[in-house]
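Open the model in your viewer and keep the sequence panel beside it. This tour tells you what to select at each stop.

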There are 2 protein chains.
Amino acid sequence: MKGAYLDHASATPVRKEALDTMLPYFSEKYGNPSNVYDMGSKIRQVVEEQRAMVADLIGATAAEIIFTSSGAEANNLAIKGVAFARQKKGKHVIVSAIEHHSVLNSARFLERMDFEATFLAVDEFGCVDPNRLAKAITPETVLVSIMHANNEIGTIEPIVELAAVCKEKGIIFHTDAVASVGNTSVDVNELNVDLLSLSGASLGAPKGIGALYFNKKIRLMPLIHGGIQENGRRAGTENVPAIVGLGKAAQLAIKELPEKESHVRRLRDRLVQGILERVEKVTFTGHLVNRLPGHASFCFESVEGEALIFMLAQAGIYTNTGSACASKALKTSPVLGAIGIRADLAQGSTVFTLNARTTKEEIDYVLEALPPVVDRLRSMSPIWGKEMPEYAEDVCH
Amino acid sequence: MKGAYLDHASATPVRKEALDTMLPYFSEKYGNPSNVYDMGSKIRQVVEEQRAMVADLIGATAAEIIFTSSGAEANNLAIKGVAFARQKKGKHVIVSAIEHHSVLNSARFLERMDFEATFLAVDEFGCVDPNRLAKAITPETVLVSIMHANNEIGTIEPIVELAAVCKEKGIIFHTDAVASVGNTSVDVNELNVDLLSLSGASLGAPKGIGALYFNKKIRLMPLIHGGIQENGRRAGTENVPAIVGLGKAAQLAIKELPEKESHVRRLRDRLVQGILERVEKVTFTGHLVNRLPGHASFCFESVEGEALIFMLAQAGIYTNTGSACASKALKTSPVLGAIGIRADLAQGSTVFTLNARTTKEEIDYVLEALPPVVDRLRSMSPIWGKEMPEYAEDVCH
């Protein structure tokens with residue numbers, strides 16, 4: 001049976017090279033890096049080598065990398081860690097309205113801890129305006145967090161300009177690059193950010209590993225308190241096999257990223273063009289140019305996204321609605337609401353994410369199988385062909 | 001060359017059965033449990049099966065288990081999660097003075113967040129007195145956390161009595177059972193605790209996985225905010241391979257624990273008796289009876305623990321000083337300080353932890369190799385044979 005797996009943003013196979021490199025660290029080289037004897041110090045050295053490889057991928061140095069258990073943990077550590085460490089300076093943080101839940105809900109947690117949080121509006125492409133950011137900054141602002149790329153609509157934010165606004169005012173700037181690192185080139189020096197989150201999964205490393213880049217000058221309250229692992233910034237025995245997997249995947253990404261980018265961009269463009277040609281009343285969401293190369297996102301009018309995902313899966317095609325929130329009936333994705341997509345249209349959100357092993361055959365199969373599925377769902381829809389109001393409605397909060 | 005690996009508390013090989021069960025979940029069954037389509041729902045079901053197995057091991061139900069990335073994270077989630085969720089009721093927490101750093105430092109973090117923390121003294125065996133706990137409770141107390149067993153001196157606390165004191169006063173009780181689960185039987189109903197932390201590593205599951213048992217009636221502020229994984233109590237994509245490893249290890253532990261306990265107790269007793277017979281001026285630390293079956297801990301007079309660890313490692317014997325703190329020159333372990341061990345004697349702390357695959361040959365080799373190493377270190381010591389002051393000095397804070 002034909003098939004196409006185009007949901008790499010939510011899960012992707014661990015790369016064989018990464019898994020092979022990890023395997024000895026489960027049952028043979030199982031030492032604890034904190035141990036003083038030789039078995040420990042050898043493992044400690046291995047961990048530090050991986051740290052350097054991950055740092056290399058983003059233009060950082062090894063001492064600026066903290067390993068975490070996920071991108072979500074890295075985001076929580078960055079936001080709460082900076083906010084709590086600097087709370088005597090001020091209690092205001094700024095994030096965009098389209099951040100990942102791990103950023104949005106960390107900001108909401110800070111509100112419960114007597115911080116003030118601003119959720120910055122974005123334009124129709126999901127972009128944060130640097131002037132709008134500048135205006136939102138107050139003397140109380142201690143942290144700004146704007147994502148590098150949005151997982152749901154693919155838009156890459158103007159981080160250089162946004163970070164510059166913060167630098168000028170001496171405000172710490174964090175970017176969630178979980179959707180980007182491994183999919184497009186990211187360099188902390190070019191971006192001039194103070195902190196940056198990444199996840200192993202985007203790189204073909206296993207689940208359960210992420211990292212936070214941090215400028216060493218920045219004070220950070222740990223999220224997980226305890227022992228002195230990660231220089232006292234993240235307690236808990238190091239997850240050595242997963243760290244080794246991340247290191248290997250980072251090393252491979254450095255070598256292969258340019259080719260991967262052009263490969264997925266070419267196939268993505270074929271997918272987008274093909275869908276727009278074959279399906280009527282479909283809205284391409286996010287920025288047209290400044291977006292992740294392997295990311296395509298649409299809203300199909302009068303189609304329920306979850307039903308579309310199910311029916312495509314029956315045809316062996318795996319895609320995503322793009323948001324856990326959107327999978328709940330009658331709730332619109334906050335991201336789609338923020339870019340002004342009508343609530344009914346946002347129901348038809350579908351996200352395709354490619355990786356280096358995606359083939360032209362997979363894309364062509366989607367182009368063949370998708371239109372009749374959309375037609376069938378529309379033929380069952382009570383609203384297909386009816387006039388809908390023009391305004392956007394954000395009912396997800 | 002002969003050898004003995006007796007540092008299973010700090011690192012232990014992943015069990016073959018656990019690793020074999022995990023392997024398909026890296027690159028074949030790589031779906032994300034949150035996905036709505038079949039690949040996702042199948043993985044979600046696997047995760048729920050593992051949750052039930054982990055629950056079974058400690059007498060809980062699946063819905064009472066939250067997967068975390070480590071025992072340290074579980075401890076942080078329990079302590080901060082309960083304290084923050086209940087802060088309107090009161091801002092006082094009680095922990096023992098000999099808790100793991102992940103508990104002690106979580107309590108200290110709460111102090112910085114305007115909570116009050118009491119660090120309960122223990123007796124010479126490291127036991128917390130239920131009467132002392134009862135006296136420390138104030139109308140402001142919202143949480144008590146006392147570990148099930150101490151990792152450094154092996155002592156098992158009278159949790160049933162301590163939890164009963166809290167139950168009577170309506171105070172939430174957490175126990176850190178990271179050193180216990182997998183090494184001795186632990187049942188949340190017998191103990192009558194509200195929350196309990198465990199770690200996969202103690203069970204022969206891989207690094208990077210732990211769990212928190214929680215009574216469903218208890219409100220808990222997440223430590224890692226974000227998506228709705230773990231019923232909204234712990235965000236981040238589930239670490240499926242590690243969860244599968246933990247599930248398998250838990251299933252094996254249920255079956256094998258009684259035999260493991262008697263095996264390691266027999267060998268541990270042989271080790272203790274042998275050392276006490278062969279080496280003069282050595283103090284056995286912790287409780288003599290109420291202790292982990294595979295745990296033996298000593299302080300060797302006029303011996304520097306780290307030097308002993310190094311020299312034993314050269315002979316192929318792996319043991320631990322028992323505390324990262326103690327590995328720093330001139331600092332005494334807070335645990336040994338709390339049980340009244342003199343600072344100079346505490347420097348000679350050495351901990352042996354056994355597992356089911358430990359052999360009589362390993363123990364006998366230690367009994368053969370250890371005494372000459374101790375003699376050699378003492379012959380180089382400037383304090384060996386000199387009178388030392390009797391008082392204990394806690395210089396680790």
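**Before you start**

This is a predicted model: local features need pLDDT of at least 70, side-chain atom pairs count only at pLDDT 80 or more, and totals for chains, interfaces and linings use all residues. Residues are numbered from 1 along each chain as its sequence is written, chains are lettered from A and ligands numbered from 1 in the order in which they are written, and side-chain values use heavy atoms, leaving out hydrogens and water.

**Stop 1: the interface**

Colour chain A and chain B separately. Contact here means heavy atoms within 4.5 Å. By that rule, 62 residues of chain A are in contact with 62 residues of chain B. The two chains bury about 4,900 Å² between them, with 65% of it on carbon and sulfur atoms. Buried area is the accessible area (1.4 Å probe) that two parts lose on being put together, summed over both. Now select A:Tyr30, A:Tyr37 and A:Lys207. In chain A, these three lose the most area to chain B, together 14% of what that side buries.

How many salt bridges cross the interface of chain A and chain B? The rule finds zero. That rule asks for a side-chain nitrogen of Lys or Arg within 4 Å of a carboxyl oxygen of Asp or Glu.

**Stop 2: the nonpolar core**

Select A:Phe84, A:Leu195, B:Phe84 and B:Leu195. They have the most contacts inside the largest nonpolar core, a set of 64 residues. Such a core joins buried Ala, Val, Leu, Ile, Met, Phe, Trp, Tyr and Cys residues through side-chain atoms within 4.5 Å. Buried means under 20% relative accessible area, exposed over 50%, and partly exposed in between (1.4 Å probe, protein chains only). In soluble globular proteins, nonpolar side chains tend to be buried together.

Zoom in on B:Leu195. Beyond its neighbours within four places in sequence, its contacts include B:Ala78, B:Val82, B:Phe173, B:Tyr213, B:Phe214 and B:Leu220.

**Stop 3: helix H10 of chain B**

Switch to cartoon view and select residues 240-278 of chain B, which form H10. Helices (H or I, at least four residues) and strands (E, at least two) are DSSP runs, numbered from the N terminus. A straight helix of 39 residues would span 57 Å at 1.5 Å a residue, but H10(B) spans only 48 Å between its end C-alpha atoms. The expected span is 1.5 Å times one less than the number of residues.

Where does H10(B) kink? Look at B:Glu256: a kink of about 65° lies there, shortly before the proline B:Pro258. The bend at a residue is the angle between axes fitted to the seven residues ending there and the seven starting there.

**Stop 4: helix H14 of chain B**

Select residues 360-380 of chain B. The 21 residues of H14 should span 30 Å, and the end C-alpha atoms are 31 Å apart, which agrees. H14(B) still bends by about 25° at B:Ala369, and B:Pro371 follows within four residues.

Show side chains. Among the buried residues of H14(B) are B:Glu362, B:Tyr365, B:Leu370, B:Val374 and B:Arg378. The buried residues pack against several elements of chain B, including H10, strand E10 (295-300) and helix H11 (305-314). At the end of the selection, B:Met380 counts as exposed at 53% relative accessibility. Its C-alpha atom is 9.2 Å from that of B:Val303, 77 residues away along the chain.

**Stop 5: B:Ala346**

Move to B:Ala346, in helix H13 (residues 343-346) of chain B. This residue is buried, with a relative accessible area of 3%. Not counting residues up to four places away in sequence, B:Ala346 touches B:Cys299, B:Thr332, B:Leu336 and B:Ile341.

**Stop 6: salt bridges**

Over all chains the count comes to 28 salt bridges. Select A:Glu256 and A:Arg15, whose side chains meet at 2.8 Å, N to O. This pair links helix H9 (residues 240-278) of chain A to the loop between strand E1 (4-5) and helix H1 (16-22), 241 residues apart. A:Glu256 is partly exposed at 27%, while A:Arg15 is buried at 11%.

Finish with A:Glu73 and A:Arg234, a salt bridge of 2.8 Å, N to O.
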